[in-house]
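This report describes selected local features of a protein model. The sequence and structure are shown first.

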Amino acid sequence: MTFAMIVSRRPVSGQTKSPKSREIYKSELGNYARKVFGFEKLLSGELYARIIWFYKGRIEGDIDNITKPILDAIRGIVYQDDNIIVKCVSEKFDKTRDLSISQVNISGDLYQDLLLAIADDSTNHNLYIEIGHITTRTVTFGPIDGGSK
Amino acid sequence: MDIAQYLEAAKTEEVAEQLRSEGYQVILDQVESGHDNGYDIIATKDGKRVAIEVKARSHLRESARLIRELREQAVHQGYDEFRLVIVNPPRERSIEINNFENILYEYMIGNSFPELEDLAGGTAIEEVSDVEIDAIEISSNGINVQGTGVVSVSLEYGRNETDDGLSIDYDFPLVFTVDINHEIHIDHGQINIDTSSFFE
């Protein structure tokens, strides 16, 4: 079982000086995760998290600061405890630059929603959040995209 | 062909070339028998088969359903990978320096240009136009501006005390790299005027 959702929302940094905006953000993500995941049994075992931030235009915010608020927001809804997430990949992509999407092992509905989110010019931010099970205990080194050694 | 179709065609060629350089055999616009939908690129290497679709982002919304079907078709056909390449138009950049054409003109009329002087007994720079700034470099040494433009010159032949002679107007392209100060005046620079059209 893999959890995935796409939210058209600007991510909030874990370093924000506004606790209120952070709480509103976490509440929004949590509510959306409940709608998507419903009352499925919480994911257990060793998990990975994949967070992709699609944006348009200039942005402020480091990729490493957006991960924790997202995981905090869906903890208790998708999985029980942070310590079972053993791998985390966070990326950001400018929607207005060329992009390749490959090896997509997600449902056709979610894939189509992802394409619509990338195509959507009415929103400057889309967050793709995926939590799934680790299936092989493999550590890899070198270029993350298989680029030149 | 609209802009999006042009972008897709250009990107398809670029991706195909990149794949060839990586050792793939590449086929373009292949429609396999028994299937309605073809892929923009099929790439094969060491037994690995990749189906690739190239789509402009401006066409992505209307094509999302079709692309989903292509992906499902590729899985059904046993391809190892289905890849979607999304292409965007290049970003427009705007670099302007206020009144720069006149600033360049003022600098040029205060300097001599042998390539113009070689063309006629007398030369007069009339105007500098169509200036495009390619780069601005700001450093502790100052501000360097690089770009291109057009200089309109009047070439004068046979002018003397009793005869106005003949005057011919010419436009020549120029390339410049100049250093400007904080008052946006050119301190010094290099301007190369291409007069080769005069001899054609």
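The model is predicted, so local features need pLDDT of at least 70 and side-chain atom pairs count only at pLDDT 80 or more, while totals for chains, interfaces and linings use all residues. Residues are numbered from 1 along each chain as its sequence is written, chains are lettered from A and ligands numbered from 1 in the order in which they are written, and side-chain values use heavy atoms, with hydrogens and water left out.

Asn126(A) lies in strand S5 (residues 125–133) of chain A; strands are DSSP runs of E of at least two residues and helices runs of H or I of at least four, numbered from the N terminus. Asn126(A) counts as buried because its relative accessibility is 0%; buried means under 20% relative accessible area (1.4 Å probe, protein chains only). Its side chain makes the polar contacts tabulated here, a polar contact being a pair of N or O atoms within 3.5 Å, of which, within protein, one must be able to donate a hydrogen and the other to accept it, and residues adjacent in sequence count only if both atoms are side-chain atoms.

| Side chain | Partner side chain | Distance |
|---|---|---|
| Asn126(A) | Ser8(A) | 3.1 Å |
| Asn126(A) | Lys95(A) | 2.9 Å |

Val104(A), in the loop between strand S4 (99–102) and helix H3 (108–119) of chain A, is also buried, at 16% relative accessibility. Not counting residues up to four places away in sequence, Val104(A) touches Tyr111(A) and Arg71(B), with heavy atoms within 4.5 Å.

In chain B, 4 strands form an open antiparallel sheet in the order S5-S6-S7-S8; strands pair if DSSP finds at least two bridges between them. Its edge strands are S5 (122–139) and S8 (186–193) of chain B.

Technical notes:
Buried < 20%, exposed > 50% of the residue type's maximum accessible area, 1.4 Å probe, protein only.
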